[in-house]
Amino acid sequence: MANVVVIGAQWGDEGKGKITDLLSRSAHVVVRYQGGVNAGHTVVVQDQIFKLHLIPSGILYPDTECVIGSGTVVDPREIIKELDMLEGFGVSTQNLFISESAHVTMPYHRLLDQASEERRGSKKIGTTRRGIGPTYADKSERVGIRMIDLVDMDGLDEQIEWTIQYKNVVLEKLYGLEPLDPKAVIEEYKGYADRLRPHVVDGSLLIDQAIRDRKNILFEGAQGTLLDLDHGTYPYVTSSNPVAGGACIGSGVGPTMIDRVIGVAKAYTTRVGEGPFPTELIGGLGDKLCELGSEFGTTTGRRRRCGWFDAVIGRYAVRINGIDCLAITKLDVLDALDEIQVCTAYKIDGEIHQELPNSGRLFAKCEPIYTTLPGWKQSTADCRSLEDLPSQALDYLKFLAELMEVPIAIVSLGASRDQTIIVEDPIHGPKRALLHENGSASQVA
């Protein structure tokens, strides 16, 4: 039995969907522990592309139970769209469970998110405008509606009516928007409640029973470490805790239940939305990486900003999350490059810094210090073992592992499930480690 957390080690969009899908083969339960429809996972199964936002990608395995934990925020309209999409492709959703403690995104949350972002002007954060931040704000303000409230036919009317009266004051007086009709919202959300009621359970209790039954559990985070509300590049962050520690809070399990943390990072770096990005490549090569990597958001379709691998934020992610091993994705995107650069430190006002500054003002001044490595100039798409990789590609992976001081367990070389090198199984224990202490490639069976 192993309980494993999968987290993004950059700014999100690292390819966690594929890694989670791969690991779900060995998991009995997959738990999504934070975020909302502002996140997206793309999973390719044979020729079929599944774009998921709330439902864990483990749903594609018929015997795997999928839990949306209490740390998530659930937009009923959007999750029903996902249910319809999956069922339309013949995927059973009977094993999907939603924590009754998860908070519900309401129409006023979306309106407030859009209006607030517009009003920020040049100070905008770059939210998806899906109402995620306002839903979490209501959770903290203790005026939120939870899934257990949504499916409570006796108390829902009164709660929605009171809350909308309260929110209409803000919508009208602050933003000059039309007020919402409480009766129309109640009618709409009662329809959602009827559809979702069979899926609503005590999520923490379900997970606890799975632990007692010694099942393999995979905890799946959305977004990435650098978007964490407490530990990310504030204020350009999300409204929840994608870091590994968030898995316990967002699922309702104790920290002693977690056995391992696997971090997912691209072989380069991307970022969506606003905020400093030291290794960003403007135009030219940045556009090429975007094109080769199909760097457009699953949720919004926004173009991702692209840059070289940043080992400073990588080491930070290892420290903040307690990462045991890494999955490196999209190595194949670098196949055509003559040379590849890796940021190993920052320069701020002429001084070298090995660590990520907490100050947003200082982070905006960071200049990357690069080490240049040779490219391999050949396709890696068909590689299925470390021995298949060009020597320069293997050297690149070793260099990343040494910089971050954790082994690489998985290497992804394309979108399909089979375009993967499994160096070490994070659930069933090590098959072999990519690096020995002396830095050589391991051949341990």
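Is T269 buried or exposed? With a relative accessibility of 0%, T269 counts as buried, a label that applies under 20% relative accessible area, with exposed meaning over 50% and partly exposed in between (1.4 Å probe, protein chains only). Before going on: this is a predicted model, where local features need pLDDT of at least 70 and side-chain atom pairs count only at pLDDT 80 or more, while totals for chains, interfaces and linings use all residues. Residues are numbered from 1 along each chain as its sequence is written, and side-chain values use heavy atoms, leaving out hydrogens and water.

T269 sits in strand β12 (residues 269-271); strands here are DSSP runs of E with at least two residues, helices are runs of H or I with at least four, and both are numbered from the N terminus. The T269 side chain reaches the backbone oxygen of W308 at 2.9 Å. Apart from neighbours within four places in sequence, the contacts of T269 (heavy atoms within 4.5 Å) include Q10, W11, F277, R305 and W308.

Next, look at R304, in the loop between α10 (285-292) and β13 (305-307). R304 is buried because its relative accessibility is 6%. Its side chain makes a polar contact with the side chain of E295 at 2.8 Å; such a contact is a pair of N or O atoms within 3.5 Å, and within protein one must be able to donate a hydrogen and the other to accept it, with residues adjacent in sequence counting only if both atoms are side-chain atoms.

Over to the helices: Y108, H109, L112 and D113 in α3 meet I132, P134, T135 and D138 in α4.
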